[in-house]
Amino acid sequence: MPAPIDETDGLIVTWPDVHRDAKYLVRKLLSDQTWKGIVALTRGGLVPAAIVAREMEIRLIDTLCIATYEEQEMGAQAKILKAPEQAVAEQGAGWLLIDDLVDTGTTLRAARELLPKAHFATLYAKPEGQPLVDTFLHEVPQAQWVFFPWDTDLQYVVPLSRR
């Protein structure tokens with residue numbers, strides 16, 4: 001059996017961490033602002049967006065599907081796989097975009113081009129990507145990898161479809 005990930009190799013985020021942090025994010029986002037809906041940035045933003053939507057009682061949820069990572073290798077360019085039509089038509093005005101992490105900002109720059117007026121919120125932010133986020137909870141060192149529970153099983157696990 002492979003050895004578990006040493007925390008010095010990266011930040012290990014658990015399911016309870018995500019749930020707690022998404023609720024803390026909601027507390028930062030609650031205001032007089034009435035959101036039209038949520039755009040979950042896939043795939044990492046799906047779980048936090050579901051929690052945020054529940055806690056803010058937002059029923060209109062769409063996805064923005066952008067690919068930049070292949071396992072732990074970051075791609076140079078963002079590829080938009082699916083855009084949220086209504087939010088794009090409104091340039092994101094009144095929409096809340098949720099993601100798990102902003103790293104270098106490659107993904108969020110592509111999202112900003114589509115949704116320039118949306119409010120971007122993430123649970124975690126690295127220094128290079130912070131200027132692209134309107135609201136975030138935790139700063140993470142740029143060189144530290146973040147291991148989310150949907151990507152790990154004590155170590156990185158290749159998705160079942162590729163085994």
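In helix H2, residues 46-56, the buried positions are Pro48, Ala49, Ile51, Val52, Ala53 and Met56. Buried here means under 20% relative accessible area, with exposed over 50% and partly exposed in between, for a 1.4 Å probe and protein chains only. Helices (H or I, at least four residues) and strands (E, at least two) are DSSP runs, numbered from the N terminus. After H2 comes Glu57, with a positive phi near 55°.

A word on the basis of these values. The model is predicted, so local features need pLDDT of at least 70 and side-chain atom pairs count only at pLDDT 80 or more, while totals for chains, interfaces and linings use all residues. Residues are numbered from 1 along each chain as its sequence is written, and side-chain values use heavy atoms, with hydrogens and water left out.

I turn now to the strands. Strand E5, residues 95-102, is mostly covered, with eight of its eight residues buried. Two strands pair if DSSP finds at least two bridges between them. Strand E2, residues 37-42, runs parallel to E5 and is joined to it by four bridges; Val39 has Leu97 in E5 as its bridge partner.

E5 also pairs with E6 in the parallel sense, over six bridges. Leu96 has His119 in E6 as its bridge partner, and Asp99 stands opposite Thr122 in E6.

How is E6 placed within the structure? Six of the seven residues of E6, residues 119-125, are buried, so this strand is largely enclosed by the rest of the structure. E6 is joined to the parallel strand E7, residues 135-139, by four bridges, where Ala121 has Thr135 as its bridge partner.
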